[in-house]
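Hi,

Here is the structure I promised to pass on.

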Amino acid sequence: MPQGSCLCGKLTYSYDDAVMKCICHCLTCRKLTGSTYATALLMPEDSLKTNANPPLVTNAAHQVGMKMQFHGCDSCPSTLYKTAAGFPGVKIVFAGTLDGKDDIATEGKPGGELWVKYRVPWLKPLEGCQQFEEFPPPN
Ligand SMILES: [Zn+2]
Ligand SMILES: [Zn+2]
């Protein structure tokens, strides 16, 4: 079972299964992570088990206006996951919080890239990743 934690180790989690693994290049993920893209693991909310409810919940809006909440530690800067109005019943875990080189290698490997229209010009599309200009179309 993949496991992860925040930077200080106060919050830990594990989960059964991620239904979608993706890199997101949107401008919101850029600002929120402080990096040029986010690597995200989407899973049904019941799949994620945490040792405690993340005490710090921050509201924000996606660039398209969708309301989102960020769930993180109150003792360190880590955000473990986000929830979003457009993804009901889903928790979106930030893959960088996975522990261990095996989990990040296997579980953290994305199958798709979202918002590629904002991909930084020095980064190539990942081989084998589905490419989406924005969010994937609903199925
Ligand atoms: Zn922490
Ligand atoms: Zn994004």
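**What I found**

F135 comes out as partly exposed, with 28% relative accessibility (buried means under 20% relative accessible area, exposed over 50%, partly exposed in between, with a 1.4 Å probe and protein chains only). Before going on, some housekeeping: this is a predicted model, where local features need pLDDT of at least 70 and side-chain atom pairs count only at pLDDT 80 or more, while totals for chains, interfaces and linings use all residues. Residues are numbered from 1 along each chain as its sequence is written, chains are lettered from A and ligands numbered from 1 in the order in which they are written, and side-chain values use heavy atoms, with hydrogens and water left out.

**Aromatic rings**

F135 pairs with F87: the ring centres are 5.8 Å apart and the planes sit at 70°, so this one is edge-to-face. For the cut-offs, rings of Phe, Tyr and Trp (its six-membered ring) pair if their centres lie within 6.5 Å; planes under 30 degrees apart count as stacked, over 60 as edge-to-face and the rest as tilted. The F87 and F135 pair joins distant parts of the chain, 48 residues apart, with F87 in the loop between β8 and β9 and F135 in the segment after β11 (130-131). Strands here are DSSP runs (E, at least two residues), numbered from the N terminus. F87 is partly exposed too, at 25%. Ring pairs also tie F87, W115, Y118 and F135 into a cluster.

The count is 5 aromatic pairs. Among them is Y13 with Y15, which is stacked because the planes are at 20°, with centres 6.5 Å apart. Both of those tyrosines are buried: Y13 at 4% and Y15 at 0%.

**Zinc sites**

What holds the zinc ion (ligand 1)? C6, C8, C73 and C76 coordinate it through their SG atoms at 2.3 to 2.4 Å. Donors are N, O and S atoms within 2.8 Å of the metal (3.2 Å for Na, K and Ca), and water is not among the atoms, so sites may look incomplete. The angles among the 4 donor atoms run from 106 to 114°, and the site is tetrahedral (four donors with all angles between 85 and 135 degrees). The donors are spaced C-x1-C-x64-C-x2-C in sequence. C8, in the loop between β1 (3-5) and β2 (12-15), and C76, in the loop between β7 (67-72) and β8 (79-84), are 68 residues apart. C8 is partly exposed at 41%, whereas C76 is buried at 13% and C6 is buried at 5%.

C26 is buried at 0%, and C29 at 2%. As for disulfides (cysteine sulfur atoms within 2.5 Å), the count is 0.

**Nonpolar cores**

A nonpolar core is a set of buried Ala, Val, Leu, Ile, Met, Phe, Trp, Tyr and Cys residues joined through side-chain atoms within 4.5 Å. The largest has 16 residues, of which C24 and L114 touch the most other members. β3 (20-24), β4 (38-44), β7 and β9 (90-94) each supply at least two of its residues, and β4 gives the largest share, 3 residues. Leaving out residues up to four places away in sequence, C24 touches C29, Y37, A38, L114 and W115 (contact means heavy atoms within 4.5 Å). A second, separate core of 15 residues includes Y13, M43, C76 and A95.

Cheers

Methods
Four donors count as tetrahedral if all angles lie between 85 and 135 degrees; four count as square planar and six as octahedral if opposite donors are over 155 degrees apart and all others between 65 and 115; anything else is irregular. Helices (H or I, at least four residues) and strands (E, at least two) are DSSP runs, numbered from the N terminus.
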